[in-house]
Amino acid sequence: FAGSPFATEQIHVATTGVGDEPSATLELAAQPNPFASHTTIEFQIPHESRVALRVHDVSGRLVRTLVEPSTWPAGRHPMTWDGLADNGVPAHAGIYLASIDVDGIRQTRRLIRLR
């Protein structure tokens, strides 16, 4: 996000055809990263979309669901991951992957938990 302290990764989604929307940008960021106790994962979507946001370990196992699949309005949406798994147990130090699915498009951001 321009002027934001968040490190971002972008994926550009181009559509073609009659009635399709123009090219759109999906953004996913995390701050702080690396983190010790919690991190804010922020996503920005250009239009109302169906969104799911999950955290997986590097072997692909689901650790935490931050956003169940649901419809979200256009704009920026910050979500805090407190470092806990869905079962309430603290996640170990290591590398995790935050994955966002927006209308069938997936983007992933690497997260590093320090302790």
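View 1. W81 is buried, with a relative accessible area of 0%; here buried means under 20% relative accessible area, exposed means over 50%, and partly exposed lies in between (1.4 Å probe, protein chains only). This is a predicted model, in which local features need pLDDT of at least 70 and side-chain atom pairs count only at pLDDT 80 or more, while totals for chains, interfaces and linings use all residues. Residues are numbered from 1 along each chain as its sequence is written, and side-chain values use heavy atoms, with hydrogens and water left out. A search of the whole structure turns up three aromatic pairs. Rings of Phe, Tyr and Trp (its six-membered ring) pair if their centres lie within 6.5 Å; planes under 30 degrees apart count as stacked, over 60 as edge-to-face and the rest as tilted.

**View 2. F43 meets W72.** The ring centres of F43 and W72 are 5.5 Å apart and the planes lie at 75 degrees, so this pair is edge-to-face. F43 comes from strand β3 and W72 from strand β5, so that distant parts of the chain, 29 residues apart, are linked. Both F43 and W72 are buried.

**View 3. Two cis prolines in one loop.** Take a look at the loop between β2 and β3, where P32 is found. The peptide bond from Q31 to P32 is cis, with omega near -10 degrees. P34 lies in the loop between β2 and β3 as well, and a cis peptide bond joins N33 to P34, with omega about 10 degrees.

View 4. R64 forms a salt bridge with D82, with the closest N and O atoms 2.7 Å apart. That pair links distant parts of the chain: R64 is in strand β5 (residues 62–72) and D82 is in the loop between β6 (75–81) and β7, 18 residues apart. D82 counts as partly exposed at 33% relative accessibility. R64 also forms a salt bridge with D86, where the closest N and O atoms are 3.7 Å apart. D86 lies in the loop between β6 and β7 and R64 in strand β5, so this pair ties together parts that are 22 residues apart in sequence. D86, at 44% relative accessibility, is partly exposed.

View 5. Is D101 buried or exposed? D101 is buried, with a relative accessible area of 18%, and lies in strand β7 (residues 94–102). The side chains of R106 and D101 meet in a salt bridge (2.9 Å, N to O). R54 joins in as well: R54, D101 and R106 are linked in a network of salt bridges. Leaving out residues up to four places away in sequence, D101 touches R50, V51, A52, R54 and R106, where a contact means heavy atoms within 4.5 Å.

View 6. D103 is found in the loop between β7 and β8 (105–113). Although D103 is not a glycine, D103 has a positive phi of about 50 degrees. With a relative accessible area of 42%, D103 is partly exposed.

**View 7. The whole chain.** Which secondary structure elements does the chain have? There are zero helices and eight strands, giving the pattern β-β-β-β-β-β-β-β along the sequence. Helices (H or I, at least four residues) and strands (E, at least two) are DSSP runs, numbered from the N terminus. Of the 115 residues in the chain, 38% are buried. Among contacts with a separation of 6 or more, residues 24 or more positions apart account for 50%.

Technical notes. A salt bridge is a side-chain nitrogen of Lys or Arg within 4 Å of a carboxyl oxygen of Asp or Glu.
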